[in-house]
Amino acid sequence: MPLHRQIYDAYRSAIVGSMLQPGQRVPSTRGLAFELGISRIPVLTAYAQLLAEGYFQSRVGTGTVVSTCLPDQPLSPEPRRGGLTSDRKLGTLAKHARLLHTLENAPGRRGWGAFSVGQVAFDQFPFSIWNSLVTRHCRNTNTKDLDYGSPMGLQRLREAIAIYLRTSRGVRCDADQIAIVSGSQQALDICVRVLLEPGSQVWIEEPGYRFARNVFALNRCRVVPVPVDSEGLTVAVGIKQCRQARATLVTPSHQYPLGFTMSASRRLQLLDWADRARSWILEDDYDSEFRYENMPISSLQGLDSNGRVIYIGTFSKVLFPSLRLGYLVIPTELVERFRAVRLAMDIGPATFSQQTLADFIGEGHFSRHIRRMRLLYRERRNALLENLRATFGPTMAITGEQAGMHLCVMLNGIRDHDITQRAAREKLWLTPLSSCYAGKVSRQGFILGFGSTKTEEMPNAVGKLRAALGIAGKLAAA
Ligand SMILES: Cc1ncc(COP(=O)(O)O)c(C=O)c1O
């Protein structure tokens, strides 16, 4: 640190820590420079700063003194480490901010391991192609790229996404309805800000995606957990519990976490309810590119003729989560309101990664990557299924294995949370099913991600799962 800064810091800390008293004289600049064996210039600079900020006062005849206008109570010079965790300070924060999870201690945060749900096959990403696209944009940046972009995102990317969604996901849209966001999480946040009020009631799937619950909590909406069965959200139960809910969040293509596909009759029931109740359906279509036994299931949005569905997509699964890019498909008459809210939130998405992604899609790398990953994830899924059946018996209950990058196994007679920490010591990142319940937990089990677990690692990983469960542990039969 420069000398003048060191002198300034030392005086400031001594004053706010009450080591120097108001009115106390400080050495002359010449005297201090001599004592420290340094030139007078840094001392003069530091004193000038301390005078300007009011820590020192200059008095004719007596020289420079510590200001007499500072409060008597010592102030802490530096924020104390961990100071904010004290109960008193926490008490002054917003209640919903206090209650949110940091996830710092979640096993999966501590590095690599088998069965992590959030991780994809990172090592299979076409780095060289991506890097060459990034380099191209870095080299060719022009003045226009530096200006604010549209709150809705880069037009080229929105057009590429619209084509992809129309052809691959059966979504009815054009580029003007697409808004680029930083992942599903932000997409949901924007939807809630546009469509709901504090206190609005929202159906959520039970069990469901707990990160989504955080968004509703932050926006002070009231969630109404609606049970899921093998046909998806039980719409009739939802209507019985809270007919006038303002919205629902659903994962119809691959219910998270149980993995069921919403049946056609439930889809129609849900759309009918939304139309009658004038409510909104938020469709989270997070991993439906990967379907193994049949064609990808078309979106719920494509069935909607009343403009009640807002479609949410993400690149976190199909590319990689640190990209933090996703999109919304907004009914045409709401586009302006979404634009206004986005502008108020953060003005809009950053431009550079959008340019790279637009080229990645436009030049055909995206569809090639999906095709390659579909084969790879199918192989990993098959290896996981084979090893689970060989280890725990052919009749064990598994759900959700037809699509995506995770499946769910149920437990019999033991609590999932009791196993997860033990398993983490063996580098097994098990996500407990119980953590996906907003209300009463009715099933115990694990969500096993297979996206980042290599085929050849599967026997060992399933062996470790068996060991973590111990002799008492049994997976439930179907
Ligand atoms: C149900 C569900 N929705 C969305 C996402 C992706 O979220 P984001 O786009 O914010 O990374 C995930 C990721 O695991 C998920 O499980």
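Ground rules. The model is predicted, so local features need pLDDT of at least 70, side-chain atom pairs count only at pLDDT 80 or more, and totals for chains, interfaces and linings use all residues. Residues are numbered from 1 along each chain as its sequence is written, and side-chain values use heavy atoms, with hydrogens and water left out.

**Ligand site**

Next came polar contacts. I took these as pairs of N or O atoms within 3.5 Å; within protein, one must be able to donate a hydrogen and the other to accept it, and residues adjacent in sequence count only if both atoms are side-chain atoms. A polar backbone atom of Ser-184 sits 2.7 Å from a ligand oxygen. For Gln-185, a backbone N or O atom is 3.1 Å from an oxygen atom of the ligand. Lys-317 uses a polar side-chain atom, 3.2 Å from a ligand oxygen. On its own the ligand has 400 Å² of accessible area (Shrake-Rupley method, 1.4 Å probe; for residues, only the protein chains shown count as cover). The protein covers 91% of that area.

**Sheet**

I traced an open sheet of eight strands with mixed pairing, in the order β3-β10-β9-β8-β7-β4-β5-β6. Its edge strands, β3 (178-181) and β6 (232-233), each pair on one side only. Strands here are DSSP runs of E with at least two residues, helices are runs of H or I with at least four, and both are numbered from the N terminus. Two strands pair if DSSP finds at least two bridges between them.

I then checked β7 against β8 (residues 280-284): they pair in the parallel sense over four bridges. Thr-248 stands opposite Ile-281 in β8.

**Ser-279**

Ser-279 is in the loop between α11 and β8. A polar side-chain atom of Ser-279 is 2.5 Å from the backbone oxygen of Ala-245. Leaving out residues up to four places away in sequence, Ser-279 touches Ala-245, Arg-246, Ala-247, Trp-273, Ala-274 and Arg-308. Contact means heavy atoms within 4.5 Å.

Most residues other than glycine have a negative phi, and most peptide bonds are trans. I noted the exceptions below.

- Glu-206 and Pro-207 are joined by a cis peptide bond, omega about 0°. Pro-207 is in the loop between β4 (201-206) and α9 (210-218).
- Tyr-256 to Pro-257 is also cis, with omega near 10°. Pro-257 falls in the loop between β7 (247-250) and α11 (264-277).
- Phe-115 is not a glycine, yet has a positive phi of about 75°. Phe-115 is in the loop between α5 (95-99) and α6 (127-139), and is buried at 0% relative accessible area.
- Arg-324, another non-glycine, has a positive phi of about 50°. Arg-324 lies in the loop between β9 (309-314) and β10 (326-329). Its relative accessible area is 36%, so I logged Arg-324 as partly exposed.

Technical notes:
Buried means under 20% relative accessible area, exposed over 50%, partly exposed in between (1.4 Å probe, protein chains only).
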